[in-house]
Amino acid sequence: MTETIAIPEGHEAPETDQEKTTQTSRTPGSEALDVARRNVDIVHTSLAGMTAIVVVLLFAVALPVFGHPPVSQLAAFITMAVAAVAGIGTLYYMNFRIHEHVSTQARLTEVLVNSLGQGFLSFNADGHCASVYSQACIELLENIPAGKNIMNVLGIPTDQHADVKEWLGILFMSGHALGFDDVVRFLPQTFPHSRGRRVTLMYRPIRDQAGMLTQVVVIATDQTEEYEAEMRAQQQQDYVDMICLVFKERNQFLATVTHIRKFIEVAAEPLQKDYVAAILRSLHTLKAAAKHFHLTKLNETIRTIESDLRAPQISEENFLKRLKSGREEVSQELNNVMEELRNFTGQDYEGHVTLHEVDENLIYDFARAMRKQNAPRELVRSYLTSIASVQVHDCFKAFERELCDLSEITGKQIKPIRYTGSNPPVLTRPIQEFLFSLSHICRNIIDHGIEPAVTRLARGKDPAGQVSIHGDLVFDEDSKREWLHLIVADDGGGIDPSRVRAKLTTMDPRGAWREEDDQTVIQRIFSWGFSTRDQITDLSGRGVGLEAVEREVKALGGTIKVYSELYRGTRFDIRLPNSLDLVEEELARSE
C-alpha cells in the first residue's frame, strides 16, 4: 500500500518526475526506516572516528620502537591532545544523542503498546516466554509471562499439553507442508479468564533473515463488550424468530406447551417402573422442540437438567432431588415465555389445544343462516359473542402502539395506558371504521394534550403523561337500548377556550359561538377545518382529524363530546350502540 496526499480540486501543483517517483515509493514505514538507517550511520561514524584516534595515538607511542625520535615538540603534543579530546568529546556527544533517541523511542513504543490495551508476549520453539511483555498481559492473562512456559501462561489443561507440544513442534519445523496459519488454528483461540471476560488470542510469526521461524508473538485482546453485544443481538434475533414461528406454527407450539406441562406434572409423581427412562426421553424430546421454536433459555435449562440426570452413577435420591428443582426451573421458564407472548399479542395462547383460522365472512354468513332458520335471537347473539367478539380493551392495542411511537418522535414521555371499566366483549366488524379513526384522537393527545416533561414538572406534574381508557356497557332507560360507553382521557394541558374563540374569530367572525359558554364552545374542535395550530405538521394542523372521528361516531348512531379543564386534562366521552345490535340490524337489512 502506498501513501497518497489529497490535494483540493483546482489546486493541483505540478510535479516533477523525481517527486512523482518519491511519492509513489514512500510507504508508511519509510520514515521509521530512514531514522534507523541514520542511527546506524552515526554508530559507524563513531567507530571510524574512534579507530582513527586510537591509530594516531598508537603511531605516536610506537615511534621510538621503530627507531624514530618520540614526539618532543610541545605544539605537536598539544595538537594531538586537543584533537583526541575533541574527537572523543564529539563521539561521546553523538553516542549520547543516539542513546537519548533510542531511549525515547523505546519509551514511546512501550507507552504505545500498553495503551492499546492488548496483551503482547512471545515464546520460542521450547515454549519459553521472553522477558518482554505488555502490562495488559497481567490483567488479561492473569499472570506475568516472563520466563514461564506458554502452556501455563495460556491456561492450557494438563491433559492437552502433549497435543499442544506436538503442534508447536510442527509450527517451528522447517519445510513442513502446513503453513503458519494452518497450524495456529489448533492452538488455543481464547483464554479461560477467571472473571468471565472474553479474551481472544491471535498468533503472529517472527522470522530471521533466512525466513526461519524464531519466535511466535501472542496477542491477547479483551472482546467482552463485542461478545456481549453479539449475544444480545442473537437473543433479539431468537426472540424475533420465536414470535414468527409461534404465529406460523401455532398448533405445533401449543402442542409443545401441552407436552411441557405434562412433563411438569409427571415429574412430580412418585417413582415408578421405567420412570427414569420416560423422564429422560421426555426431556430429550422437549429440548429439541424448544430449540425449534428458538426458546433459548428454556432449551438451555432442559439441556442442563438432562445432563445432570444422565450423570454416571447418580443416586436415586440425587436424581429425584435434581428432577424436583429442574421441574421448577422448566415451569418458571415456560411461564416467562407465555408472559412474553401475552405481552406481545395481548392474548393467552395456552387456553386452547389447537387454533384454526376462519374467514370472518363465514362467521356472519352462518349467523345469517341461523336467522333464516328462525333460530332464537339469544342463540344468534351468543354465537356471535363467543365466536367473533373481542374484549373492548384489545381494540386499543394499535392505539397504544401508536401512542408510544408518537411519544418517541415528539420526545414526550408517556406511561402505559390505564384501562378501567368492565371491558365488555364487542364485535369489531361494525365499528372498524370508528376504531381506525381513533388514530386522530391519539395524535391530538400527543400533539395538543400531553406537555413536554419540563413543562409538566414546572406545573407540579409527573414528567410522564397518563392516558386512560374506560370501556363499559350501559343501559339507557329512555331509548331502552344498551350502549358501549368509551372514555379516552389524558392528564395534559387541556383545551383553552380562549384559543378556540381566537381561532373561530378568523373562521366565522359572526357565528353563533359568540353566545356559547366555554363547555359548548370547545365542542367546535370537531368542526371541519378547525385547528388551534397555526402551522401544519405531520401530526396535526389540518383541522380534519377530530371531525373524522365525529363523523364515524354519528354514522353508527352514537355521540361524542369533549370535556376539558385547563392544565388538568381532556377526556373524550363516546357512546356507541351495542355492536350486537348493529350486527342484528345489518343482518336484517341483508335478508
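With a relative accessible area of 1%, Phe-123 counts as buried (buried is under 20% relative accessible area, exposed is over 50% and partly exposed is in between, using a 1.4 Å probe and protein chains only). Before going further, note that this is a predicted model, where local features need pLDDT of at least 70 and side-chain atom pairs count only at pLDDT 80 or more, while totals for chains, interfaces and linings use all residues. Residues are numbered from 1 along each chain as its sequence is written, and side-chain values use heavy atoms, with hydrogens and water left out.

**Rings and charges**

Let's stay with the aromatics. There are 6 aromatic pairs in the structure. Phe-123 and Phe-172 make up one of them, an edge-to-face pair with 6.4 Å from centre to centre and 65° between the planes. (Rings of Phe, Tyr and Trp, the last by its six-membered ring, pair if their centres lie within 6.5 Å; planes under 30 degrees apart are stacked, over 60 edge-to-face, and the rest tilted.) This pair ties together distant parts of the chain: Phe-123 belongs to strand E1 (residues 119–123), while Phe-172 is 49 residues away in the loop between helix H6 (161–171) and helix H7 (180–184). Those labels come from DSSP runs numbered from the N terminus, with helices (H or I) of at least four residues and strands (E) of at least two. Phe-172 is buried too, at 14% relative accessible area.

Phe-526 and Phe-572 have ring centres 6.3 Å apart and planes at 70°, so they are also edge-to-face. Again the link is between distant parts of the chain, 46 residues apart: Phe-526 is in the loop between helix H19 (518–521) and helix H20 (545–555), and Phe-572 is in strand E11 (residues 569–577). Both Phe-526 and Phe-572 are buried.

Some rings have a charge over them instead (NZ of Lys or CZ of Arg within 6 Å of the ring centre and within 35 degrees of the ring normal). Arg-429 lies over the face of Tyr-364, 4.4 Å from the ring centre. Arg-481 has its charged end over the ring of Trp-483, at 5.6 Å from the centre.

**Strands that pair up**

Here are some strands that pair, which takes at least two DSSP bridges between them.

| Strands | Sense | Bridges |
|---|---|---|
| E6 (residues 418–420) and E8 (residues 467–476) | parallel | 3 bridges |
| E8 and E9 (residues 481–490) | antiparallel | 10 bridges |
| E1 and E4 | antiparallel | 5 bridges |
| E3 (residues 198–207) and E4 | antiparallel | 9 bridges |

Ser-468 in E8 is a handy place to look: it is the bridge partner of Arg-418, and it stands opposite Ala-489 in E9. E8 and E9 form a hairpin with 4 residues between the strands, where Lys-480 takes a positive phi near 55°.

Strand E4 (residues 213–222) has 7 of its 10 residues buried, so the rest of the structure largely encloses it. In E4, Ala-220 stands opposite Gly-119, and Gln-215 stands opposite Ile-206. The hairpin of E3 and E4 has 5 residues between the strands, and Gly-211 in its turn has a positive phi of about 90°.

**The core and its surroundings**

In soluble globular proteins, nonpolar side chains tend to be buried together. The largest nonpolar core here has 41 residues, and Phe-396, Phe-399, Phe-434 and Ile-441 have the most contacts inside it. (A nonpolar core is a set of buried Ala, Val, Leu, Ile, Met, Phe, Trp, Tyr and Cys residues joined through side-chain atoms within 4.5 Å.) Elements that each supply at least two residues include helix H15 (397–410), helix H16 (432–449), E8, E9 and E11. H16 gives the most, with 7 residues.

Ile-450 sits in the loop between H16 and helix H17 (453–458). Ile-450 is buried, at 2% relative accessible area.

Helix H9 (residues 250–266) has 17 residues and reaches 24 Å from first C-alpha to last, close to the 24 Å expected at 1.5 Å a residue (1.5 Å times one less than the number of residues). Its buried residues include Phe-253, Leu-254 and Val-257.

How many disulfides does the structure hold? There are 0, a disulfide being a pair of cysteine sulfur atoms within 2.5 Å. For Cys-129, the closest cysteine sulfur is in Cys-137, at 8.7 Å, too far for a bond. Cys-129 is buried at 6% relative accessibility, and Cys-137 is buried at 0%.
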